[in-house]
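Hello,

Here is the structure we talked about handing over. Please have a look, then read my notes below.

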Amino acid sequence: MAARGENTHMDRQLLSGDEAVALAAWHAGVALGTGYPGTPSTEILESFDELDGRAQWAPNEKVALEVGLGAAFANARTLVTMKHVGLNVAADPLFTAAYTGVSGALIVVTADDPGMASSQNEQDNRRYAIAAGLPMVEPADSQDAYDFFVAAIEISERWHIPVLFRMTTRVCHSKSIVRPGNAAAAAVPRPHFEHDINGRVMIPANARPAHRRLRAKLVEIAAWGERQAWEAAPGHMPLNRIESGDKALGVIASGVSYLHAAEAAPGASFLRIGLVNPLPLERARAFAASHARTVVIEEGDPVIADSLRAAGIAVESKAEMYRFGELDVPRVRRILAGDTSPEPAAPRGKPPELCPACPYHTVYATLKKHDCIVAGDIGCYTLGVLPPYQAMDTCVAMGASIGVGLGLRHVLPPQEARRVVSIIGDSTFVHSGIGGLVEMAYNPPSTGHVVIVLDNGTTAMTGQQEHPATGRTLDHGPTNKVSIEGVATAIGIPSVTVIDAYAEPEEFERLLLERLAASELSVIVARRPCILAAADIRKWEKQAAGLRAQAAEQAAFDLPLEDR
Amino acid sequence: MSAEEGAGNSLGNGMDAGQANGTGGRRGAGRAASFVTNVIFAGLGGQGVIKASDILADAALRAGLDVKKSELHGMSQRGGSVSSDVRFGTRVLSPMVPRGEADYLVVLAASEVEVTRPLLRPGGVLLSPDLIPDADLPNKRSLNVALLGALSRYLDLPPEAMLDAVKAALPERLHAVNAAAFQLGRKVAAGQGTIS
C-alpha cells in the first residue's frame, strides 16, 4: 500500500465513481470517512477502507454527518457518504452546519438514484444545496469524481463550509479510466481544537450573523465559479468548462447528462457545469446569448433550467416526460428534437426475489396465511411484497414500519387492528426503528402491537455491511454489540421473544398468533443469518474469538506474578 | 454507426492523446473521429454477468483504449435480470450503450435472450448460451468466460489481453479451467454466431 501522501499508483486505472472518490479521499489525506450503507454510495467507504483509510459505518446518516462535523470542527478533512434519501435523515444537522461552517474540510456525498434502480423515490438532491445554501459539486465520470473531490476539499477549506458532492447511480457504478493527480500536494492539516463559541454554538444571537456570513460566502463562491471556466489550478480540471462548437446549438449540462448530450449532439457547443450551486449565471447568460438555441440537459427536476430562466436567461428545458427516470443518449436526442411521442418500453426482465434459502420465507408465509396487515420497511425483506407472498402493505422510509403500524392500530376497528404487524430488519431497526419502539411504549394502541425484527445479522440488501447490532465494525473486526432484544426490554416492551422462524416455523406461527391475540406490546426477533453472509459471519466470529483469546492470554501474562 | 467504423478496424486509427480527458475546444474534432465498440452482457444474478463485463473492460484498458462500463447493481444477488454495458474505443462519452445500438449482445441465460434482443443493432452479433455445448464446458460456472472466448473472435482486441484480464479477475486455482473455457468459446465461435 502506498504511504499516505505518495502517489505511486498506476498511471491509468479503471475505477467506478465510488472507487475514484475513495482514491481521491485517500490521496487528499481524509482523516475520517463515515456514513450509512445505501445503493449506490456504499462502495465509497468500503474502498476507502481497502486503501487503509479510516472508514466506519454509523447507525444512520444523521449521526454520520454529526460525527463528520465534529471531526471537521477539529480541523480534519472529513468524508460523509449516503444515498439521496439518507440526506433527508441528515438534513437537520446539515442546514445548521451550513451556518457554523467547518475548520477543516467536510464533504458530504449524496448519491441520487434517478430512475430508482434501488430506491423508494427519485428525489433530486440539488434542491438541498439551494435550500441549505451549500456549494454542490457534481462529477460526470470517474475522472471527474477524482478531480472534483479534490476541488471540493479546496472549496471547503478555503471558505470553511461543508460541500455537497452529488453523484448519481450511473456515476457511482460506471467504471471509466482515471489518471490520479497529485491530490496530496497541499499540506494535510493536523487536527486540533480552537474555541469558537460564537461560530459554532447556534443560539439565535450567534445564528443571525452566521446566516449572513453563509450568504456572503456563497456570493464569493459564485464569483469564483464564474471564473472557473478559465482559471484552473495547475493539474486540476476546472469545475465549469466551455467547449466551443457550432453556434447554432448550445447545450448546458451537468453530471452524466453532459456525456449523453456530447454523444447525442457531437457538433454542439457545451457549457459543462461541475459547480451546480451556486450556478455560473453570467457565464450561462453569455453562452446563451452567443448561440441561436440553448438547451439545458439535466436529469430529474429542471433545477438548472428554472434557475437560469429566473435570472432572465433564455434557455429551453426538456419536456415534462423527461423529468422521470434516467437520461441516456436516445432520450437526449429526443429532447433536442422536441420529440414527445411515447418512448419504447424498457426490456422487462426477471424481477429479483428472496433467495431460495432466505430465512424470511417462513415469516412471510405465516403473515400471508393469516392475512396480516403488514407495515413494512426497507431492505431485502421488502421483496416479501412480490409474489408468491405479497405480504407487505406499506413501505415508505427507513424505520417507518413501526410508526405506520401504530397509526393503523390506533384508528382501525379492534378486529382489523389485531391483524396489524410491523416488520423491520436488523440494520433498519438500529438506523431509525428505535424511536418508533419508544413511541410504541409511550402511546400504546388499545389492542397492543406486534413488531417483528427480521435479524439476519447483516445489512443484506446493500451487500452485507456490518451495523451496530452485528458487533463488528466496517472492516468486520470485533466491537461492542448492541442487543436488539436488550434495547426492546430496556424501553419497556413487556413481551420480547427471540426465535429462529426458519428452523421452527410451527413455533413461530403459534407465537405470532398468541401475540396478535394478546392486547399487549410485543417484539419478536426472528434471528437467523442471511444465507449469503452466513459463511463470512462464521469466519469473522472465529477471527474475533481468536483475538479475544489472544487478548486474554496477554492480560494473564501482564498480571503480577503472585496473581497468576 | 459512423462511417469511420467500417474503415476503423485498426484500433490505433484516429487515436488522439488529448481526447481521453476532454480538453477544451479540440473535443469536437476528437468526437468526429471516435470509434466505439458496444457490448452488452445479460443474464441472471449469480451467473457472472458483471464479472464478464469487468474482464472485457480490463482487456480494453490493457489494450490502451478508452473504456467505460456501466450496470445497475443492488438487486443482482437476488436472482433478477442483470445486464452490463461495455464500451471501448478511441474515446467513449456516455457509459451506457444506446438501446438498439449494441454491436454485440452476450447472453448467459436462455430466458433473457428475447427480452434483451431489442438492445442489439440491426446486423449486430448475438452470442447466446446455446453456442457453448454444456458437455464440453469444463465447469458450469465458467460459461461467462467461454462466451468471452467466443466474443474474442469478433473483437479487435488482442486475445492475450483478454486472457490476461481473465486471469487477473480470478484466483489462480481457477486459471486453468477458465483458460480452457475461453479456448472452447474461441473454437466454437469460429464460423458461428447468430447474426440477428
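**Domains of chain A**

The centres of domain 1 of chain A and domain 3 of chain A, taken over C-alpha atoms, are 32 Å apart. Please bear in mind that this is a predicted model. Domain 1 of chain A gives 14 residues to the contact, and domain 3 of chain A gives 15 residues. On the domain 1 side, helix H2 (43–50) and strand E3 (55–57) of chain A are the elements that give two or more residues. E3(A) has the largest share of that side, with three residues. By type, the domain 1 side that touches domain 3 of chain A has seven nonpolar, six polar and one charged residue.

The domain assignment of chain A runs as follows: domain 1 is 13–185 + 200–227, domain 2 is 241–337 and domain 3 is 361–535.

**Nonpolar cores**

The largest nonpolar core has 160 residues. Ile107(A), Val109(A), Phe149(A) and Leu147(B) touch the most other members. At least three residues come from each of domain 1 and domain 2 of chain A. Another core, of 58 residues, lies apart from it and includes Val404(A) and Ile524(A).

Leu147(B) has contacts beyond its neighbours within four places in sequence, including Ala52(B), Val106(B) and Gly185(B).

**A helix pair in chain B**

Helix H6 (residues 159–169) and helix H7 (residues 175–189) of chain B pack at about 145°, with axes 10 Å apart. Their crossing is right-handed. H6(B) brings Leu163(B), Val166(B) and Lys167(B) to the contact, while H7(B) brings His175(B), Asn178(B), Ala179(B) and Phe182(B). Four of these residues are nonpolar, two polar and one charged.

Best wishes

Note on methods
Residues numbered from 1 in each chain as written. Chains lettered and ligands numbered in written order. Predicted model: local features only at pLDDT ≥ 70, side-chain atom pairs only at ≥ 80, totals over all residues. Axes fitted to C-alpha atoms, helices over the stretch in contact; angles between N-to-C directions. Helix = DSSP H or I, 4+ residues; strand = E, 2+ residues; numbered from the N terminus. Left-handed = near helix turned anticlockwise from the far one by under 90°. Contact = placed C-beta atoms within 7 Å. Nonpolar A, V, L, I, M, F, W, Y, C, P; charged D, E, K, R; others polar. Core = buried A, V, L, I, M, F, W, Y, C linked by C-beta atoms within 7 Å. Buried ≥ 20, exposed ≤ 12 C-beta atoms within 10 Å, placed from the backbone. Domains from an automatic or database assignment.
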